Amino acid sequence: MRTAAGAAATAAELAAVPAADRVAVVDPRFTGHVHALRLALTDPRFPAGAVPGALAVQPEARTALARAAETGAAGPGEAPGRAHPPAGGAGEGLADLLAARLEAAGVAVHRPELGVLVAEVPADEEARAKAHAATAAVDDEAVRLRSAVKSRDGFFTTFFISPYSRYIARWCARRGLTPNQVTTASLLTALIAAGCAATGTRAGFVAAGALLIASFVLDCTDGQLARYSLQYSTLGAWLDATFDRAKEYAYYAGLALGAARGGDDVWALALGAMVLQTCRHVVDFAFTEANHDATANTSPTAALSDRLDSVGWTVWVRRMIVLPIGERWALIAVLTALTTPRTVFVVLLIGCAFAACYTTAGRVLRSLTRKARRTDRAARALGELTDSLLLTLLPARKAPGKAYAAPALAVLAAVVLLAGPLLLGTAGTWRAVEEAGLYAVVSAMAVHRSLKGPLDWLVPPVLRAAEYVLVLALAARSGVPGALPAAFGLVAAVAYHHYDTVYRIRGGTGAPPPWLVRATGGHEGRAVAVTIAAALWHGQGFTVALTALAAGIALLVLCESIRFWVSAGAPAVHDESGEPA
């Protein structure tokens with residue numbers, strides 16, 4: 001901590017702090033809650049943060065801060081201030097002045113909503129006394145606990161988990177645990193739950209259901225701990241998202257193994273549940289990216305949705321209908337403990353299918369009724385979400401076409417790929433290989449368009465569904481022992497690659513490098529490879545081929561993903577949307 005008398009001295013003190021450090025400027029007469037200062041000074045997600053009387057600046061905005069400080073002009077009556085990394089020098093009104101200058105220079109200064117928290121710079125003793133009284137009247141620890149919970153979350157999470165998980169988050173914070181450690185504990189708990197389910201016994205199923213709920217409590221706790229202690233990171237957001245999928249799909253595999261011990265083969269149902277859930281997420285991601293920065297992005301449907309949100313009970317009904325992660329995991333846990341794995345998957349498939357139809361229909365209706373103008377960034381993100389080998393091999397070119405040409409071509413490509421194996425009995429024949437080749441050509445025509453049309457966000461999920469359902473159909477039709485578990489592993493590896501792509505884009509770092517898309521074949525290359533394997537090997541060799549393909553893809557994407565996220569320089573992020581997961 002350093003004290004500086006006046007603007008010039010503050011500029012000198014700031015210049016003495018290493019450029020790689022975060023710094024803060026705090027007015028010496030600041031009065032308010034500690035948590036108000038914490039929100040402004042310690043949140044790493046923004047280049048700068050400010051509340052009245054305090055300003056914090058990350059290394060990327062230090063140059064702009066130096067220019068603002070050198071300008072001086074704090075005016076007569078400057079008061080001594082404090083400067084310290086990370087909380088630094090000030091004169092009277094200097095922190096607020098510097099914050100205004102940073103905003104004028106184009107730096108995004110985050111001004112957190114304080115609510116009942118107090119943050120003031122009193123002008124005289126009377127104002128100071130009032131500020132002290134207002135500060136004493138509010139328990140900032142209680143506010144901190146409340147703010148640890150997402151403002152928008154599912155019904156089950158809001159009323160059955162968050163009322164106590166926030167206290168677990170505080171307990172973790174006071175013992176120095178990090179959100180990433182809690183995330184890892186949640187993963188380990190879910191893996192143990194999957195192991196219990198794999199025993200195939202009633203006691204194992206009951207234990208699995210209880211442990212799955214415990215894993216979800218920890219899953220909520222890690223985000224609440226991040227908000228409580230303001231420990232946000234790009235790595236943490238990625239771990240939270242990808243571990244959720246790893247936990248759920250590992251649990252599916254455990255249920256399938258447990259069912260097999262009892263003589264019931266439900267691998268096709270398990271794989272179907274994974275395909276459906278992954279495709280639901282791709283719909284969510286693609287729609288969000290398409291409309292992330294669109295202009296004129298309003299519609300009568302969106303207005304109706306907003307009006308419904310004003311009626312309290314409809315908010316909870318609509319959130320429950322879409323089966324977000326809390327409701328979904330609670331359903332799986334209860335059904336696991338009380339019924340059979342087959343029942344779990346049948347109910348899950350019905351519920352998720354209804355939720356998928358509800359959300360997709362609503363988004364299609366919104367897209368058709370709004371006149372949004374989508375940006376090049378949105379079109380590029382949709383292209384990256386397609387995971388197309390073509391886009392890494394050919395120079396960028398935006399083919400002209402009608403507004404709905406891209407999704408129509410994507411649907412046509414899916415029909416070409418799946419009609420034969422599902423309806424015409426071509427699975428395991430060279431005819432299916434020809435159909436996969438034609439699929440590659442037609443899908444290329446779709447992804448090589450501008451992807452700025454109202455329904456172009458449907459292209460990535462349609463291509464995802466085509467690829468995943470093809471693997472499921474070929475494995476199921478083969479009748480080869482072990483083919484479906486191997487197909488489950490292959491789809492899991494590819495789905496991981498697709499989730500990794502999504503969170504790289506969300507983190508602002510762009511899609512995985514082109515060499516990784518080429519090495520994994522893109523969606524069209526994998527479709528051709530799987531149909532060739534089915535045509536070449538009609539026995540155990542098909543299982544071996546699927547297993548080898550799954551292992552190769554998993555090794556590639558995991559190594560590159562871990563390398564990237566451990567060393568990523570992306571801005572710190574955290575999911576505050578409350579969107580279903």
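Biologist: What volume does the largest cavity have?
Modeller: Keep in mind that this is a predicted model. The count comes to three cavities of 30 Å³ or more. The volume of the largest cavity is about 70 Å³.

Biologist: Which helix gives the largest share of the lining of the largest cavity?
Modeller: The lining takes in T278, V282, F285, L385, D387, R464, A495, H498, Y499, T501 and V502. The largest share, five residues, comes from α21.

Biologist: How does that lining split by class?
Modeller: Names such as V282, F285 and L385 are in the lining of the largest cavity, and so are D387 and R464. Sorted by class, the lining has six nonpolar, three polar and two charged residues.

Biologist: How many charged residues are in the lining of the second largest cavity?
Modeller: By class, the lining has seven nonpolar residues and no polar ones, and the charged residues number two.

Biologist: Let's stay with R526. Is the residue buried or exposed?
Modeller: R526 sits in helix α23 (residues 522-536). Its relative accessible area is 4%. Buried means under 20%, so R526 counts as buried.

Biologist: Which side chain makes a polar contact of 2.5 Å with the side chain of R526?
Modeller: Setting aside neighbours within four places in sequence, R526 is in contact with D387, E467, V494, H498, T520, G521 and I553. The side-chain partner at 2.5 Å is E467.

Biologist: Over to S186. Which side chain makes a polar contact with the side chain of S186?
Modeller: S186 is in helix α8 (residues 179-198), and with a relative accessible area of 0% it is buried. Leaving out neighbours within four places in sequence, its contacts are S215, L218, D219 and K247. The side-chain polar contact, at 2.7 Å, is with K247.

Biologist: What is phi of L230, roughly?
Modeller: L230 is placed in the loop between α9 (202-229) and α10 (234-261). The residue is buried, at a relative accessible area of 5%. Although L230 is not a glycine, its phi is positive, about 55°.

Biologist: What relative accessible area does L451 have?
Modeller: L451 is another loop residue, between α19 (430-447) and α20. Its phi is near 60°, a positive value in a residue other than glycine. L451 is buried, and the relative accessible area is 3%.

Biologist: How far apart are the C-alpha atoms of R45 and Q58?
Modeller: R45 belongs to the loop between α2 (34-41) and β4 (48-51). Its side chain makes a polar contact of 2.7 Å with the side chain of D43. R45 and Q58 are 13 residues apart along the chain, and their C-alpha atoms are separated by 9.1 Å.

Biologist: What is the distance between the end C-alpha atoms of residues 468-496?
Modeller: The unreviewed UniProt entry annotates residues 344-365, 403-424 and 468-496 as "transmembrane region". In the model, residues 344-365 are 100% helix and 0% strand, with end C-alpha atoms 31 Å apart. Residues 468-496 are 86% helix and 0% strand, and there the end C-alpha atoms are apart by 13 Å.

Notes
Residues are numbered from 1 along each chain as its sequence is written. This is a predicted model: local features need pLDDT of at least 70, side-chain atom pairs count only at pLDDT 80 or more; totals for chains, interfaces and linings use all residues. Side-chain values use heavy atoms; hydrogens and water are left out. Helices (H or I, at least four residues) and strands (E, at least two) are DSSP runs, numbered from the N terminus. Buried means under 20% relative accessible area, exposed over 50%, partly exposed in between (1.4 Å probe, protein chains only). A polar contact is a pair of N or O atoms within 3.5 Å; within protein, one must be able to donate a hydrogen and the other to accept it, and residues adjacent in sequence count only if both atoms are side-chain atoms. Contact means heavy atoms within 4.5 Å. On a 1 Å grid over the protein atoms alone, a cavity is a set of points where a 1.4 Å probe fits but cannot get out, and a pocket is an open set with protein on both sides within 12 Å along at least five of seven lines; lining residues have an atom within 4 Å of a point. Grid points are joined across faces, edges and corners, and a volume is the space filled by probe spheres set on the points. Ala, Val, Leu, Ile, Met, Phe, Trp, Tyr, Cys and Pro count as nonpolar, Asp, Glu, Lys and Arg as charged, and the others, Gly among them, as polar. UniProt positions are given in the numbering used here, feature names are shortened, and annotations may be inferred rather than shown by experiment.
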